Amino acid sequence: EISGDKNKIHLSEEYAASTFFKKPIVHGLFVVSKLSAIIAENYINPILISMNYEFKKPIYVGDEAKFVIQCNTNEEVKTSSFKIMNTAGHECVSGTFKTKEKLNKG
């Protein structure tokens, strides 16, 4: 409901059972959006300026997702890579993002 995506693959166990996924999958952009909270918690006043990602495997409803982030550059604009894994430890989403630190005034 949050995403507005009414695709049955996310909402219907019956429909999902008839697909190659076999059970409902979590909306991919919802999973990627959680990365924003992790960036906010682990970078200093970050401004997210770009993100690229690829969906490789599904994350099923009920799975726990594990996020792994590596900062590759430590310049004014930081480039980081990430991967998101499912409960079985398979890499489901991978990509890169760039952040720029926002300076506090005062």
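The legends below describe close-up views of a predicted model.

Residues are numbered from 1 along each chain as its sequence is written, and side-chain values use heavy atoms, with hydrogens and water left out. Because the model is predicted, local features need pLDDT of at least 70 and side-chain atom pairs count only at pLDDT 80 or more, while totals for chains, interfaces and linings use all residues.

**View 1. The open sheet has four strands in the order β1-β4-β3-β2**. Strands (E, at least two residues) and helices (H or I, at least four residues) are DSSP runs, numbered from the N terminus. Two strands pair if DSSP finds at least two bridges between them; the pairing in this sheet is antiparallel. β1 (46–55) and β2 (66–71) are the edge strands, each with a single partner strand, so one side of each has no neighbour in the sheet. Neighbouring strands are turned by 20° against each other on average, direction ignored. The axes are lines fitted to C-alpha atoms, for helices over the stretch in contact, and angles run from 0 to 180 degrees between N-to-C directions.

**View 2. β2 and β3 are joined by six bridges**. The two strands run antiparallel. Lys66 is placed opposite Met85 in β3.

**View 3. Helix α3 (residues 28–42) lies across the strands β1, β2, β3 and β4 (91–101)**. Helix α3 runs at about 145° to β1. Contact means heavy atoms within 4.5 Å.

**View 4. Ser80 lies in strand β3 (residues 77–85)**. Ser80 counts as buried because its relative accessible area is 0%; buried means under 20%, exposed over 50%, and partly exposed in between (1.4 Å probe, protein chains only). The side chains of Ser80 and Tyr43 form a polar contact of 2.6 Å. A polar contact is a pair of N or O atoms within 3.5 Å; within protein, one must be able to donate a hydrogen and the other to accept it, and residues adjacent in sequence count only if both atoms are side-chain atoms. Leaving aside neighbours within four places in sequence, Ser80 is in contact with residues including Tyr43, Ile69, Cys71 and Phe97.

**View 5. His10 is in helix α1 (residues 8–11)**. His10 is buried, at 18% relative accessibility. Its side chain reaches the backbone oxygen of Ile25 at 2.8 Å. Not counting residues up to four places away in sequence, His10 touches Asp5, Pro24, Ile25, Val26, His27 and Val61.

**View 6. Cys71 is partly exposed, whereas Cys92 is buried**. Their relative accessibilities are 37% for Cys71 and 0% for Cys92. With a disulfide taken as a pair of cysteine sulfur atoms within 2.5 Å, the count is zero disulfides.
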